[in-house]
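Hi there,

Here is the structure I promised to pass on. Have a look at it first, and then read my notes below.

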Amino acid sequence: LAGFCREVTLLTALGSDEEEIKFIKSKARPNLHIENLVLNDRPTIRKVRYVEPNYLTKMFEIQYMDDRPLSSEAEQQFGARLEEEIAKHDFVMVNDFGHGLLTEKLRDYLSGSRKFLALNTQAKSANHGYNNVTNYRHADYIAIDEPELRLASKSKFGHIEALSTDIRRQLAANTLLVSRGGNGSAILTSNGYLESPALATRIVDRIGAGDALFAITSPCAFRGAAPEVLGFIGNCVGGLAVEIVCNREPIKPVALFKFIQTLLK
C-alpha cells in the first residue's frame with residue numbers, strides 16, 4: 001500500500017520485546033509510519049511455516065499468539081489512538097485477522113466511522129471461522145475470498161452472486177469483491193455483478209496474494225474505480241503476488257505497471 005499512497009500509517013499492537021519491534025519497523029518504507037500499542041501480557045504474533053523445500057508446499061505451521069480480546073485498558077488506549085489517526089487520514093483500511101486486537105467495541109466504532117472504510121476479515125485455522133465479515137455493521141468496500149464469503153453466509157453451495165448480494169446488503173457496502181483463486185474474482189456493486197478472470201501465469205506461493213489484492217484495490221475503490229477496472233487491477237496484483245515467496249517482497253508500482261502494459265499489448 002505504501003508504494004501507491006503518499007503516506008500510510010499502520011496502527012497495530014505488538015509484544016514488549018524491543019528487538020522484535022525494532023526488526024518490524026526496519027522493514028517499513030520511509031512513508032509508512034508504524035504506530036503500535038505495546039502489550040506486556042502477550043507476545044508479538046509469530047507464525048512459523050515449515051515447507052517442503054523443492055515446491056514450497058506447507059507441511060505444517062506453529063503459531064505463537066494469545067488471541068484473547070484486549071483488556072479494557074488496552075482497548076481504551078487503542079481506541080483513542082484509532083480515533084486520533086482516523087481524523088488525519090483520507091480513508092481507513094481494516095485487515096482483521098481475528099487474533100484479539102479488534103474487539104466488538106472497536107469493530108462497532110470502525111463501522112460507524114465517517115471515513116471511507118475498506119474491510120478484509122480473514123477466516124483461517126487460527127480463528128476457526130469465528131472471524132466473519134458480519135462482525136461489522138458497515139463497510140464501503142469489502143474484499144474477502146470465496147470460503148470467507150461462504151462462512152459468513154453459512155452456505156457451502158450457494159451461488160456467489162446471491163451470497164454476495166446478501167452480504168453486501170447486510171453491511172450496506174458500495175462494493176464487494178470476492179477473490180476466487182484460479183477462478184478469478186467476482187465484484188458486486190449497485191450497477192450489477194461482474195466476474196473477472198485470473199491472470200496468474202506462474203504460481204510459486206499463494207500466501208499473501210489476498211492481502212496484496214486488498215491493499216492495492218482499496219485506494220482504487222476509494223477513488224471510485226469502475227468494477228471492471230477494480231477486478232482487472234486486483235487480478236493483476238494477485239498474479240504478481242503468487243510469484244513471490246510468502247510476503248518477502250511487496251508488489252511495487254513499476255512491476256504492476258509493466259505487467260498491465262504487457263497484458264494490454
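Before the notes start, one definition: a residue is called buried when its relative accessible area is under 20%, exposed when that area is over 50%, and partly exposed in between (1.4 Å probe, protein chains only). Helices (H or I, at least four residues) and strands (E, at least two) are DSSP runs, numbered from the N terminus.

Please keep in mind that this is a predicted model, where local features need pLDDT of at least 70 and side-chain atom pairs count only at pLDDT 80 or more, while totals for chains, interfaces and linings use all residues. Residues are numbered from 1 along each chain as its sequence is written, and side-chain values use heavy atoms, with hydrogens and water left out.

**The start of the chain**

Strand E1 covers residues 8–14 and is mostly covered, since five of its seven residues are buried. Strand E2 (residues 32–38) runs parallel to E1, and seven bridges join the two; strands count as paired if DSSP finds at least two bridges between them. Within this pair, Leu14 stands opposite Val38 in E2. Together with helix H1 (residues 18–26), E1 and E2 make a right-handed β-α-β unit. Right-handed here means that, with the strands pointing away from the viewer, the path from the first strand over the helix to the second runs clockwise.

Glu7 sits in the segment before E1. Setting aside residues within four places in sequence, Glu7 is in contact with Asn31 and His33, contact meaning heavy atoms within 4.5 Å. The side chains of Glu7 and His33 are also joined by a polar contact of 3.3 Å. That term stands for a pair of N or O atoms within 3.5 Å; within protein, one must be able to donate a hydrogen and the other to accept it, and residues adjacent in sequence count only if both atoms are side-chain atoms. Glu7 and Glu104 are 97 residues apart along the chain, and their C-alpha atoms are separated by 28 Å.

Gly15 belongs to the loop between E1 and H1. Is Gly15 buried or exposed? Gly15 counts as buried, because its relative accessible area is 1%. Beyond four places in sequence, the contacts of Gly15 include Ile21, Val38 and Arg42. From Gly15 to Met65 there are 50 residues in sequence and 9.9 Å in space, C-alpha to C-alpha.

Asn36 is part of strand E2 and is buried, because its relative accessibility is 12%. Its side chain makes a polar contact of 3.1 Å with the side chain of Lys25. Not counting residues up to four places away, Asn36 touches Thr12, Leu14, Ile21, Lys25 and Arg81.

**The six-stranded sheet**

Further along, six strands form an open sheet in the order E5-E6-E7-E8-E9-E10, with mixed pairing. Its edge strands are E5 (91–96) and E10 (192–196), each of which pairs on one side only. Neighbouring strands of this sheet are turned by 15° against each other on average, direction ignored.

Strands E7 (residues 141–145) and E8 (residues 175–179) run parallel and are joined by five bridges. Helix H5 (residues 160–170) lies across E8, E9 (185–189) and E10, at about 45° to E9.

Glu146 is found in helix H4 (residues 146–153). Glu146 is buried, because its relative accessible area is 17%. Its side chain makes a polar contact of 2.9 Å with that of Arg180. Leaving aside neighbours within four places, Glu146 is in contact with Ile160, Val178, Ser179 and Arg180.

**The cysteines**

How many disulfides does the structure hold? The count is zero, a disulfide being a pair of cysteine sulfur atoms within 2.5 Å. For Cys5, the closest cysteine sulfur is in Cys220, 8.9 Å away, so the two are too far apart for a bond. The closest cysteine sulfur to that of Cys236 is also in Cys220, and at 11 Å it is too far for a bond. Cys5 is buried at 18% relative accessible area, and Cys236 is buried at 0%.

Best wishes

Methods:
Axes are lines fitted to C-alpha atoms, for helices over the stretch in contact, and angles run from 0 to 180 degrees between N-to-C directions.
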